[in-house]
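Please consult the sequence and the structure shown below while reading.

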Amino acid sequence: MKPTLFHDIGGVLFGHYGPNDAFQLRPGVGDWLRWTHQHFNVVWLTAWKEPEIRQLLMAAWPRNSAYATLRPPVRVRIANWKGYASKEAWILAKVKGKIPEWYWIDDKIPEGLSDLPRKRCIAVHPEGEYNLLGARAFLESLLKNKIA
């Protein structure tokens, strides 16, 4: 069974970079999306709405030619965290004793995580274009070593 990845969008798939320090999609987002969906049950933990997420997946999903897009996932799972004080509170309520293997990737992971294990929380810096490469390498090492 694949682990669950709670995935933010804003400062993870997008970053500030380039000559004008624009907030834009990071290079390799299509490869990232495909890889994460192959290795995780992705649950979008974001303020984005489902139609926006579907549109992003369709636009950014990798292509095998200029004319054919590979098929993005049909099912899009979204965390309904708006009734909670924070994403952290939602994760605490949803995973404790219910989801054995999970990770959270976000650009705004709080410094003092109350009861969340820091080793399951992957912070991506919102500045720079290549931060997904480091996040992928880190997640690959976690998958390989199956942390407790």
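## Salt bridges and a buried tryptophan

Arg 54 and Glu 50 lie about one helical turn from each other, because they are four residues apart in helix α3, which spans residues 50–60. The model that contains them is predicted. The side chains of Arg 54 and Glu 50 form a salt bridge, with an N to O distance of 3.0 Å. In general terms, side chains of opposite charge can pair when their charged atoms come close. Arg 54 has a relative accessible area of 33% and is partly exposed. Glu 50 is likewise classed as partly exposed, at 34% relative accessibility.

How many salt bridges does a search of the whole structure find? The search finds four. Three of them, including the pair already described, are set out in the following table.

| Side chains | Distance, N to O |
|---|---|
| Asp 8 and Lys 87 | 2.9 Å |
| Arg 54 and Glu 50 | 3.0 Å |
| Lys 87 and Asp 106 | 2.8 Å |

The salt bridge between Asp 8 and Lys 87 links distant parts of the chain, as the two residues are 79 residues apart. Asp 8 is located in the loop between β1 (4–7) and α1 (10–13), whereas Lys 87 belongs to helix α4, residues 87–95. Is Asp 8 buried or exposed? Its relative accessibility is 6%, so Asp 8 counts as buried; the cut-off is under 20%. Lys 87, at 13% relative accessibility, also counts as buried.

Lys 87 takes part in a further salt bridge, with Asp 106. This pair again connects distant parts of the chain: Lys 87 in helix α4 and Asp 106 in strand β6 are 19 residues apart. Both members of the pair, Lys 87 and Asp 106, are buried.

Which residues is Trp 102 in contact with, leaving aside its neighbours within four places in sequence? They are Thr 4, Phe 6, Ile 91, Val 95, Leu 116, Pro 117 and Arg 120. Asp 31, by comparison, is 71 residues from Trp 102 in sequence, and the C-alpha to C-alpha distance between them is 21 Å.

Key: Residues numbered from 1 in each chain as written. Predicted model: local features only at pLDDT ≥ 70, side-chain atom pairs only at ≥ 80, totals over all residues. Heavy atoms only, no water. Contact = heavy atoms within 4.5 Å. Buried < 20%, exposed > 50% of the residue type's maximum accessible area, 1.4 Å probe, protein only.
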